[in-house]
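Please look over the sequence and the structure before reading the points below.

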Amino acid sequence: MLSFPEEIMLMLIEDESGRILHVPELSMRCVLAGAVMMDLAMLDKIDSDLEKIIVIDPTPTGDKLLDPILKEISENSEQKDAKAWVESLALDSERIKLLALNRLVEKKVLEKIDDRFLWVFRTRRYPVLDGKVEQEVKLRILDVLFSDKIPSPRDIVIIGLVDACGIFKHILSEVQYKKCQSRIKQVRNMDIIGRAVTNSVRDIEATLALALHPPF
């Protein structure tokens, strides 16, 4: 099974050009930080009571993408909420992004073309732990948005993170985006930690915008 950072990066790759979609740097950093937090939550390593992130199990996972962040959260003596952790972990976003992309190449989901820094899909489906194959994330998510299907817990998380990053505005037409906004909101509100993380991204962006453009 792919990690949340890996699936987020797949959402960001344009099918035709192989380039990574341009999204605001702050949004990218925060969403990748949130993606790692959600992986840790899915592994029952952390939880949230909306006021603070709680470490349930500090035992390392053996995953070099997750363990440095789990260690940082475990060893911190302060009680930080999701917003504070997103701000802090966002500083590690470049490492998260590169590890996620390299893993996708190792798993033969992507192929890197070094001379042009492009990425191409090797497959639209990829293996999961039980030996079955999983539909590529973009197709899964679009299927959820334009139907009444009950989304899986993973897809709920991804929709929340992708919406916080503003990626839907890039991968959907204007008409499609307007049509599924209520559905996006409905799905996003199904997950407590996911709401905390995505709301954190919006709060940080609003704070930055105010700092850059103060009211007169």
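Which residues does Asp39 touch, not counting residues up to four places away in sequence? Asp39 touches Ser3, Phe4, Pro5, Leu66 and Arg154, where contact means heavy atoms within 4.5 Å. The model is predicted, so local features need pLDDT of at least 70 and side-chain atom pairs count only at pLDDT 80 or more, while totals for chains, interfaces and linings use all residues. Residues are numbered from 1 along each chain as its sequence is written, and side-chain values use heavy atoms, with hydrogens and water left out.

**The chain as a whole**

- The secondary structure comes to ten helices and six strands; helices (H or I, at least four residues) and strands (E, at least two) are DSSP runs, numbered from the N terminus.
- Of the 216 residues of the chain, 47% count as buried. Buried means under 20% relative accessible area, exposed means over 50%, and partly exposed lies in between (1.4 Å probe, protein chains only).
- The accessible surface of the chain comes to about 11,600 Å², and 53% of this surface belongs to carbon and sulfur atoms. Accessible areas come from the Shrake-Rupley method with a 1.4 Å probe, and for residues only the protein chains shown count as cover.
- Among contacts between residues at least 6 apart in sequence, 63% join residues at least 24 apart.

- Asp39 has its place in helix 2, which spans residues 25-42.
- Asp39 is buried yet has no salt bridge, and the nearest side chain of opposite charge, that of Arg154, is 4.4 Å away. A salt bridge is a side-chain nitrogen of Lys or Arg within 4 Å of a carboxyl oxygen of Asp or Glu. For charge, Lys and Arg count as positive and Asp and Glu as negative, while His and the chain ends are not counted.
- Helix 1 (residues 4-12) packs with helix 2 at an angle of about 140°, and their axes are 8 Å apart. Axes are lines fitted to C-alpha atoms, for helices over the stretch in contact, and angles run from 0 to 180 degrees between N-to-C directions.
- Helix 1 contributes Phe4, Pro5, Ile8, Met9 and Leu12 to this contact, and helix 2 contributes Met28, Val31, Leu32, Ala35, Val36, Met38, Asp39 and Met42.
- By class, the contact of helix 1 with helix 2 has twelve nonpolar, no polar and one charged residues. Ala, Val, Leu, Ile, Met, Phe, Trp, Tyr, Cys and Pro count as nonpolar, Asp, Glu, Lys and Arg as charged, and the others, Gly among them, as polar.

**Salt bridges**

- The count of salt bridges comes to 13.
- Arg154 forms a salt bridge with Glu7, with the closest N and O atoms 3.6 Å apart. Arg154 lies in helix 7 (residues 153-165) and Glu7 in helix 1, so this pair ties together parts that are 147 residues apart in sequence.
- Arg154 counts as buried at 14% relative accessibility, and Glu7 counts as buried at 0%.
- Arg140 and Asp155 meet through their side chains in a salt bridge (2.6 Å, N to O). Because Arg140 lies in helix 6 (residues 137-145) and Asp155 in helix 7, the pair ties together parts that are 15 residues apart in sequence.
- Arg140 is buried, with a relative accessible area of 11%, and Asp155 counts as buried at 6% relative accessibility.
- Salt bridges that share partners join Glu6, Asp63, Arg103 and Lys107 into one network.
- Asp92 forms a salt bridge with Arg95, the closest N and O atoms being 2.8 Å apart. Asp92 is partly exposed, with a relative accessible area of 25%, and Arg95 counts as partly exposed at 25% relative accessibility.

**Residues outside the helices**

- Leu2 lies in the segment before helix 1 and is buried, with a relative accessible area of 4%.
- The C-alpha atoms of Leu2 and Lys107 are separated by 9.4 Å, although the two residues are 105 residues apart along the chain.
- Asp44 has its place in the loop between helix 2 and strand 1 (46-48) and is exposed, with a relative accessible area of 53%.
- Most residues other than glycine have a negative phi. Asp44 is not a glycine, yet has a positive phi of about 60°.
- Asp49 is found in the loop between strand 1 and strand 2 (53-55) and is partly exposed, with a relative accessible area of 33%.
- The C-alpha atoms of Asp49 and Asp81, 32 residues apart along the chain, are separated by 8.6 Å.
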